[in-house]
Amino acid sequence: MSPEDLPYRPCVGVMLINAEGRIFAGQRLDSPVAAWQMPQGGIDEGEKPRKAALRELAEETGIAPDLVEPIAKSSDWVTYDLPPDLLGRVWGGRYRGQKQRWFLLRYLGRDDQIDIATEHPEFSEWRWVTADEMIAAIVPFKREVYQKVVAEFRAWLA
């Protein structure tokens, strides 16, 4: 079976911005190299994308839904393919990559209310970054997705 025969994993992404329009970026806990990204994760069976986005945000950052204001969602799904060295190793080899619906949320809380030491932590550290810093910090195979998401949400960013 070739990678093109595999489906994309349904997923959501969250671009969380603060009052200044800077983006939440987390350093992946499972990466020995710099691998900063925005919160994201799979959509559970029967789950609506917006609900999945709020769940993933809470699971990865400890941020409750009442501490965010929904601003926008991506006009369409965005896809990326896994690089050959990861294909077959992640998600049990069942997917070629991910198709993601992105949500732009404004953070209404304080920085000390963000808690990445969650039950199943994904990040070792976090910071607020500009759009250009976010694009520069993402792993190369996800860069095109981040460029599209930043372009779509640009009006709200620092």
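Residues are numbered from 1 along each chain as its sequence is written, and side-chain values use heavy atoms, with hydrogens and water left out. Since the model is predicted, local features need pLDDT of at least 70 and side-chain atom pairs count only at pLDDT 80 or more, while totals for chains, interfaces and linings use all residues.

Helices (H or I, at least four residues) and strands (E, at least two) are DSSP runs, numbered from the N terminus. Strand S2, which covers residues 23-28, is mostly covered, with five of its six residues buried; buried means under 20% relative accessible area, exposed means over 50%, and partly exposed lies in between, for a 1.4 Å probe and protein chains only. Two strands pair if DSSP finds at least two bridges between them. S2 runs antiparallel to strand S8 (residues 123-129), to which six bridges join it, and S2 also runs antiparallel to strand S3 (residues 36-37), with two bridges between them. Which residues does Gln27 face in these strands? In S8, Gln27 stands opposite Glu125, and in S3 the bridge partner of Gln27 is Trp36.

## Salt bridges

Side chains of opposite charge can pair when their charged atoms come close. A salt bridge is counted here when a side-chain nitrogen of Lys or Arg lies within 4 Å of a carboxyl oxygen of Asp or Glu, and the structure holds eleven of them.

| Salt bridge | N to O distance |
|---|---|
| Arg55 and Glu56 | 3.0 Å |
| Glu69 and Arg106 | 3.8 Å |
| Arg110 and Asp112 | 3.0 Å |

Arg55 and Glu56 are both buried, and they belong to a network of salt bridges that links Asp44, Glu47, Arg55, Glu56 and Glu59. The salt bridge between Glu69 and Arg106 ties together parts that are 37 residues apart in sequence, because Glu69 lies in strand S5 (residues 68-73) and Arg106 lies in strand S7 (residues 97-107). Glu69 is partly exposed, with a relative accessible area of 38%, and Arg106 also counts as partly exposed, at 22% relative accessibility. In the salt bridge of Arg110 with Asp112, Arg110 is exposed, with a relative accessible area of 52%, and Asp112 is exposed as well, with a relative accessible area of 59%.

## The largest pocket

On a 1 Å grid over the protein atoms alone, a pocket is an open set of points where a 1.4 Å probe fits, with protein on both sides within 12 Å along at least five of seven lines, and lining residues have an atom within 4 Å of a point. The largest pocket holds about 580 Å³ of space, the volume being the space filled by probe spheres set on the points. Its lining is made of 28 residues, of which Arg28, Asp30, Gln37, Glu122 and Lys142 lie nearest the centre. Strand S4 (40-42) and helix H1 (49-61) each supply at least two residues of this lining. How many of the lining residues are nonpolar, polar and charged? The lining divides into ten nonpolar, eight polar and ten charged residues, where Ala, Val, Leu, Ile, Met, Phe, Trp, Tyr, Cys and Pro count as nonpolar, Asp, Glu, Lys and Arg as charged, and the others, Gly among them, as polar.

## Aromatic pairs

Rings of Phe, Tyr and Trp (its six-membered ring) pair if their centres lie within 6.5 Å, and planes under 30 degrees apart count as stacked, over 60 as edge-to-face and the rest as tilted. The structure holds eight aromatic pairs. The rings of Trp91 and Tyr95 have centres 6.3 Å apart and planes at 80°, so this pair is edge-to-face; Trp91 is partly exposed, with a relative accessible area of 25%, whereas Tyr95 is buried, at 17%. Trp102 and Tyr146 also form an edge-to-face pair, 5.6 Å centre to centre with 80° between the planes. This pair links distant parts of the chain, with Trp102 in strand S7 and Tyr146 in helix H3 (residues 143-153), 44 residues apart, and both residues are buried. Ring pairs also link Phe24, Tyr107, Phe123, Trp126 and Trp128 into a cluster.

## Two loop residues

Ile138 is found in the loop between helix H2 (131-137) and H3, and Ile138 is buried, with a relative accessible area of 3%. Pro84 is found in the loop between strand S6 (78-81) and S7, and Pro84 is exposed, with a relative accessible area of 74%. The C-alpha atoms of Pro84 and Pro3, which are 81 residues apart along the chain, are separated by 9.1 Å.
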